[in-house]
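Visitor: Could we go through this model together? I would like to begin with a helix and what surrounds it.

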Amino acid sequence: MKFILSIFLVALVTFAVGIYGNLPWWSFVVTNLIIAIALPIKPLQSFFAGALGVGALWAGLAFGIDLANNHILSTKVAQILPLGGSYIALIIVTAVVGALLGGLASLTGAFVRKPA
Amino acid sequence: MRIIPFLVSATVTAGLVFTLNVQLKLGATKSPRLGYFLSPQHGFWKNAEKINTNFDATILANDLKGEVDVYMDDRLVPHIYADHDEDAYYVQGYLHAKYRLWQMDFQTRVAAGRLSEIAGADKLSIDRFFRRLGMVYGAEQTEAYINENNPMMKATVEAYTAGVNAYLKQLAPEDLPFEYKLMNFEPENWTPQKTYLFLMFMSYDLTGRSASADLQLTNTRDYLGYDLFDQLYTNQQDSLDPIIPKGTVYADPSIVPVQPAQADVAYLKKTTNVDISKVVETPEAPDPNNGSNNWAVSGTMTKSGRPIVCSDPHLGLNLPSLWYEVQITTPTHSTYGASFPGSPAVIIGFNDSLAWGVTNAGRDVLDYYELKFKDTTQNEYWYNGAWKAVTKRVEVIKVKDSADVIENIAMSHWGPVMFDAFYQNPQSKGRNLAVKWTAHNPSTGVETFYQLNRAKNIDDYSKAIQLWKCPGQNFVVATKSGDIAIKQQGDFVARWNRQGDFIMPGEDSTYEWQGIIPFEENPMIKNPARGFVSSANQKSTDASYPYYLGTASSFPLYRGISVNQQLAGMTQVTAQDMQALQTNNYNVFAEQARPALMKFIDKAALSKDAQRMVQVMADWNLYNHPSEKGITVFKLIWDSVETAVWSDELAGSVIPLTKPEAFVLLDQMNRDSNFRVADDINTKDKVETLKEQVMAGIEKATLKCIELEKNNQLSWEAFKATRVLHLTKIPALSRLNLPIGGGVNIINATGENHGPSWRMVVHLTDEIEAYGLYPGGQSGNPGSPYYDSFVDYWAAGKYYRLLFLPKEKLKQHERTKWHIQFKKAVA
């Protein structure tokens, strides 16, 4: 239950701090850490909660933006990066970067307190 | 707390944040900061514009005097309706920034020699070049002059600046234009000086070729000797059809420039032998094809009885485009056309009463003077038998991830010393060279456009262009009342024959410019009997004009012939006929050069493949249409013959020399088949004839043709592969391989990355009938559907009908989509 709650909390707070463009893009690393400390679960669970929370959020946002944009920009960026011009690959890379960082942040937090 | 796992995990997390937050080396370039770039709430995803974006908005702006309504049409062209002129320019600045911010910022930083600041030490040589050429110096001169003497333009540029900055102020970090995120830098506030820097850059683009050409001509003359030079780089163009028709009688000149006494020895034939030292790369010289077409036909030639104006400036084809369409309507005037993001007003366009267009004059307004310094401090130089002191101008170049670079530029009375002990390029050959350039003088060019936007008749047009100094242009005009005219205007130096073609001695005042040609004596023609006026960068006059125009290599010859030939036969002209003429692909050069080549071809003596290729060329219809193969074969054969004829004369030089213009060889072929230069000097025991050179050239070209044929690339569109390049040259942001014909010497002057950058046709009927487009789109955002929305239409040779209507009509027009309202915040 706490696992599911963590995922939602991570996604919600990551989105909330992302609204403020003046805050650094990695602000969710800090908030994930705090959530993992406040809501302690097992380290591996915590990693997946952070990864799924941020990864799903980023994938969802990118997917929605891309659909509304008719893939105009993603197709170009996927040539620059280079991902063979595949917008799907670009969305996956976006999600993986968010997930990896989100997961690691939550994992770090999980080592602070033992789960009750 | 599990200390060790915590520390390991924390370190890995921090390391990853750090890695994703810096630019990583990616071959020769740098990656964006990947975490930031990919973050859907911060990075590039924010620039992916909804395809059905609603551009309606209400913008609160306390700097305004009144309210401003902007209606956006379906092509995202803003129609600005303001109660005060300054408000209109404020809103123009705001909209330029909203749609083109990165481009304006980037281009003016390049002009100011500040590219290293964002791109690092790799770009230092480009920055040093622009600093030493006096780009910032020139912009400062203009700014100081306008602030002191021209309150109206000061207010105009300041209103524009305030508009740009109002946009910047409300711009959230996550909404920065895409390229800032990609290249990792940030916008800075606009200033009036940036507007003047932008206009300096246009002066460089259109007159800066002398900065390399004068050095090349000097080196070529030194290498060949003056007599041979004068034969190969002749100023005589047999087939010239000038802007002002041949046979026009000119009044006696008010300035009679005198060639200095010893110039034959000291200047024209002088040779210099200095070691090359401290050689740096310089930026690519402006494209020699920077030019344009414009013409006006009078009511006597048109179906409606009203004049038509056409203008298509040929410049580098870039995304975002140099141009941004706009309508500006205030109680004082109403105008529509192409504007420069970076500058207020409409640059090429029309108003209620008249339409105007420009082409480049091509006149030489940049000269080098060679200086002798007293010692290595470079504080004094020899002038008229005495040592004269320089002042030192300090320019600091900031370099990304590196220490500042200081340029100490010696300022002589001629101008900035561009080349000296600290700065040399392969062409400058160790000389100390001061540069004198009309663009260094204060410019009132902004006011020319401001006044043209408001002009009602030929007198107003004349007063407006009288303010124009640099870069010299051919201003075409036609009015609703039926007048047509063209005038070549700018500050042009009254030169003696060949003055300034080469580096001049800087120690002698007799080599000074002896005056600027008065406005009244600049070439002009109004309502000629032939019913049209035109220009296509050819020489403006024949040899009876009393001033020296500059080297023939500055004046392309064949487009002008083509335009005049086509116009001369026309009657009952419509706007559609004029569109067809602007996109005409007829090759008048090939019309003359193909028979000249054929004369020398002995078909039986050619290889089988070569015979077949000659046949492809012979069967060609002389149109540079996209699918034609004959033009590709013709071009390769001509180039190959030219190389065979010229290379042995020029190849021995250590520094690369430019080959003579195409007309030189063509004129020689038509005059004399025993042309001396045709002889290959590398074969001592035999005298080559032009015929042998042509035959050898064809065999060489055939190899290339066969290779292209195998790869299916012999068609003109595949060979030419026209592209509209993003300013960073990143292919993914560019449009490549466009299916379009035309080329050098063609009215449709579309080359590989160069050509008609704005096509406009204006029929001066009571309600103006105007058409136009440019190869780009109104939005500079690569993530917008409006980024390149005109490109395919442009390539296909199609036009948009331009909406030029009063507010009440436009508001209700079916093509009007959005409304942006600017108003003061309620106190």
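Visitor: Which residues of helix H15 of chain B are buried?

Guide: In H15 (residues 558-568) of chain B, the buried residues are Tyr558(B), Arg559(B), Gly560(B), Ser562(B), Val563(B), Asn564(B) and Leu567(B). A residue is buried if 20 or more other C-beta atoms, placed from the backbone, lie within 10 Å of its own, exposed if 12 or fewer, and partly exposed in between. Helices (H or I, at least four residues) and strands (E, at least two) are DSSP runs, numbered from the N terminus.

Visitor: And what covers the buried residues of H15(B)?

Guide: The cover includes strand E6 (291-297), strand E24 (532-535) and helix H17 (588-598) of chain B. Contact here requires C-beta atoms, placed from the backbone, within 7 Å.

Visitor: Before we continue, what are the conventions?

Guide: This is a predicted model, in which local features need pLDDT of at least 70 and side-chain atom pairs count only at pLDDT 80 or more, whereas totals for chains, interfaces and linings use all residues. Residues are numbered from 1 along each chain as its sequence is written, while chains are lettered from A and ligands numbered from 1 in the order in which they are written.

Visitor: At what angle do H19(B) and H21(B) pack?

Guide: Helix H19 (residues 630-650) and helix H21 (residues 690-710) of chain B pack at about 135°, and their axes are 8 Å apart. Axes are lines fitted to C-alpha atoms, for helices over the stretch in contact, and angles run from 0 to 180 degrees between N-to-C directions. H19(B) and H21(B) are therefore oblique to each other; angles under 35 degrees count as roughly parallel, over 145 as roughly antiparallel, 65 to 115 as roughly perpendicular and the rest as oblique.

Visitor: Which residues make that contact?

Guide: On H19(B), they include Leu636(B), Ile637(B) and Val641(B). Among those on H21(B) are Val694(B), Ala701(B) and Leu708(B). The residues of the contact of H19(B) with H21(B) divide into 12 nonpolar, four polar and two charged. Ala, Val, Leu, Ile, Met, Phe, Trp, Tyr, Cys and Pro count as nonpolar, Asp, Glu, Lys and Arg as charged, and the others, Gly among them, as polar.

Visitor: Turning to the interface, how many residues of chain B are in contact with chain A?

Guide: There are 36 residues of chain B in contact with 33 residues of chain A. Of the side of chain B that touches chain A, the largest share, nine residues, comes from H1(B). That side of chain B comprises 23 nonpolar, nine polar and four charged residues.

Visitor: What is the strand order in the sheet of 11 strands?

Guide: The order is E3-E31-E4-E5-E9-E10-E11-E12-E20-E21-E23 (chain B), in an open sheet with mixed pairing. Two strands pair if DSSP finds at least two bridges between them. Strand E3 (57-60) and strand E23 (524-526) of chain B are the edge strands. E3(B) pairs with strand E31 (residues 816-823) of chain B in the parallel sense over four bridges, and Thr58(B) has Gln821(B) as its bridge partner in E31(B).

Visitor: Where are the cis peptide bonds to Pro82(A) and Pro320(B)?

Guide: The bond from Leu81(A) to Pro82(A) is cis, with omega near 0°, and Pro82(A) is found in the loop between helix H4 (72-80) and helix H5 (87-110) of chain A. The bond from Leu319(B) to Pro320(B) is cis, with omega near -15°; Pro320(B) is in the loop between E8 and E9 of chain B.

Visitor: Is Asp401(B) buried or exposed?

Guide: Asp401(B) counts as exposed because it has 9 C-beta neighbours inside 10 Å. Asp401(B) also has a positive phi of about 60° although it is not a glycine.

Conventions:
Contact = placed C-beta atoms within 7 Å.
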